[in-house]
Amino acid sequence: MRLLIVEDEKRLAISLARGLTAEGFAVDAVHDGAEGLHRALDGAYDLVILDIMLPGMNGYRVCAALRAAGHEVPVLMLTAKDGEYDEAEGLDTGADDYLTKPFSYVVLVARVRALLRRRGGSASPVITVGALRMHTAARRVHLGDDEITLTAKEFAVLEQLALRAGNVVSKAEILEHVWDFAYDGDPNIVEVYVSTLRRKLGAAAIRTVRGAGYRLEAL
């Protein structure tokens, strides 16, 4: 999953980006509202973490502009302000959730995962495809009774396929959601990870649809 952080406190933005990257997310961070809106409109983000007090264009305006443009990406608002009117204004502009600084990092990660599950149409933290079970909160994978050990990137690639199990997911779509904006390496990196997943899950788990992408099969 690919996240965008729009936060003008650079130390906080860097800290959040490092923590969320360690959780297996691909993360981009910018520090002003106009750049945040530009990235959110142009990028394939699964969620935006948006501060309210931003230079140039505040978070309320960024969120309202996103919604006016028809973007339904989940938005988690962050603010140093407190009070029910601030929260109401954030939600009224189209935000999906709200956290007041200082906040618990553990709570932020839980809110992020909950919003991503909601976007995927499921309240459950477990994705099930046949005998395969992905525990997105615990970052654990089971195939039948066996636990499969995956790296953060392997988990992220498999998650993209599992969320659309039975359908073809293109290499470009996987790159967009699993690697961050700064990645400029070989796009064939996706094939490397798919190959590794096949070794761990079985060769029949992921089918290559020539010229289109990959499809996760029920095992």
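This is a predicted model: local features need pLDDT of at least 70, side-chain atom pairs count only at pLDDT 80 or more; totals for chains, interfaces and linings use all residues.
Residues are numbered from 1 along each chain as its sequence is written, and side-chain values use heavy atoms, with hydrogens and water left out.

**Strand 3 and its partners**

- Helices (H or I, at least four residues) and strands (E, at least two) are DSSP runs, numbered from the N terminus, and two strands pair if DSSP finds at least two bridges between them.
- Strand 1 runs parallel to strand 3, and four bridges pair them.
- Strand 3 is also parallel to strand 4, again through four bridges, with Ile49 opposite Leu76 of strand 4.
- Five of the five residues of strand 3 are buried, so the strand is largely enclosed by the rest of the structure; buried means under 20% relative accessible area, exposed over 50% and partly exposed in between (1.4 Å probe, protein chains only).
- Leu47, Ile49 and Asp51 point one way from the strand, while Val48 and Leu50 point the other way.

- Beyond its neighbours within four places in sequence, Asp51 is in contact (heavy atoms within 4.5 Å) with Val6, Glu7, Asp8, Gly59, Leu78, Thr79 and Lys101.
- Leu76, in strand 4 (residues 75–79), is buried at a relative accessible area of 0%.
- Leu76 and Asp97 are 21 residues apart along the chain, yet their C-alpha atoms are separated by 4.8 Å.
- The contacts of Leu76, leaving aside neighbours within four places, include Val48, Ile49, Leu50, Asp97 and Leu108.

**Asp28**

- Asp28 belongs to strand 2 (residues 26–30) and is buried, with a relative accessible area of 5%.
- The side chains of Asp28 and Arg2 are joined by a polar contact of 3.0 Å; such a contact is a pair of N or O atoms within 3.5 Å, where within protein one must be able to donate a hydrogen and the other to accept it, and residues adjacent in sequence count only if both atoms are side-chain atoms.
- Asp28 also touches residues that include Arg39, Tyr45, Asp180, Phe181 and Ala182.

- Four strands make an open sheet in the order 6-7-8-9, with antiparallel pairing.
- Its edge strands are strand 6 and strand 9, each pairing on one side only.
- Neighbouring strands of this sheet are turned by 25° against each other on average, direction ignored.
- Helix 6 packs on the sheet and touches strand 6, strand 7 and strand 8; its direction makes about 120° with that of strand 7.
- For these angles, axes are lines fitted to C-alpha atoms, for helices over the stretch in contact, and angles run from 0 to 180 degrees between N-to-C directions.
- Strand 7 (residues 132–135) and strand 8 (residues 140–143) pair over four bridges, with His135 opposite Arg140.
- The hairpin of strand 7 and strand 8 has four residues between them, and Arg139 in its turn has a positive phi of about 55°.
- Strand 8 and strand 9 (residues 146–148) pair over three bridges; Leu143 is partnered with Asp146 and His142 with Glu147.
- Two residues separate the strands in the hairpin of strand 8 and strand 9, where Gly144 takes a positive phi near 65°.

- Val141 is in contact with residues including Leu132, Met134, Ile148, Phe155 and Leu158.
- In helix 7, Ile174, Leu175, His177 and Val178 are buried, and what covers the buried residues of this helix includes strand 1, strand 2, helix 6, helix 8 and strand 11.
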